[in-house]
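Subject: Structure handover

Hello,

Here is the structure for your files. My notes on what was found in it follow below.

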Amino acid sequence: MKKSVLTRYRVMAYVTAVMLLVLSTCMVFKYGFEMGEDVTLVVSQVHGFLYIIYLIFAFDLGSKAKWSFGKLLWVLLSGTIPFAAFFVERKVTQQVEPLTEGPEPAVAKA
């Protein structure tokens, strides 16, 4: 599998996780302090759009890594649980990185 498949999953996992934390904060302000309703609407729509991209990339990675349905489902749902995506991304990276093709490029010494 190409390393780019893992890289794009990792980027979207972080972006989705951060946006979920921003959305959670907006929800606290909206329902707890009755302010920021417009911001919450925009953030929720952006998070929803980014989550769909995350789902596509995670599904692509899972199919290429030949994950079981349960593992794939857990990875897909981790984008809906605050902080979970950070931990799941780290674990997925550790498991999938050996499956990527080609060695790491050598760093030239000066």
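How far apart are the end C-alpha atoms over residues 6–93, and what percentage of the chain there is helix and strand? The end C-alpha atoms are 7 Å apart, and the chain over that span is 85% helix and 0% strand. Helices are DSSP runs of H or I of at least four residues, strands are runs of E of at least two, and both are numbered from the N terminus. Residues 6–93 are what an unreviewed UniProt entry annotates as "domain: DUF3817".

This is a predicted model, in which local features need pLDDT of at least 70 and side-chain atom pairs count only at pLDDT 80 or more, while totals for chains, interfaces and linings use all residues. Residues are numbered from 1 along each chain as its sequence is written, and side-chain values use heavy atoms, with hydrogens and water left out.

The unreviewed UniProt entry also lists residues 12–33, 39–57 and 69–88 under "transmembrane region". UniProt positions are in the numbering used here, feature names are shortened, and annotations may be inferred rather than shown by experiment. Residues 12–33 are 95% helix and 0% strand, with 30 Å between the end C-alpha atoms. For residues 39–57 the figures are 100% helix, 0% strand and 27 Å.

Alanine 65, in helix α2, touches Met1, Val96 and Leu99, neighbours within four places in sequence aside. Its C-alpha atom is 9.9 Å from that of leucine 6, 59 residues away along the chain. Alanine 65 counts as buried because its relative accessible area is 14%; buried means under 20%, exposed over 50% and partly exposed in between (1.4 Å probe, protein chains only).

Threonine 100 sits in the segment after α4 (84–96) and is also buried, at 11% relative accessibility.

Methionine 35 lies in the loop between α1 (3–32) and α2 (37–65). At 47% relative accessibility, methionine 35 is partly exposed. Together with Val28, Phe29 and Phe33, Met35 makes a nonpolar surface patch of about 400 Å². Patch residues have over 30% relative accessible area and no salt bridge, and nonpolar side chains (Val, Leu, Ile, Met, Phe, Trp, Tyr) are joined within 5 Å, like charges within 9 Å. A salt bridge is a side-chain nitrogen of Lys or Arg within 4 Å of a carboxyl oxygen of Asp or Glu.

Regards

Methods:
Accessible areas come from the Shrake-Rupley method with a 1.4 Å probe; for residues, only the protein chains shown count as cover. Contact means heavy atoms within 4.5 Å.
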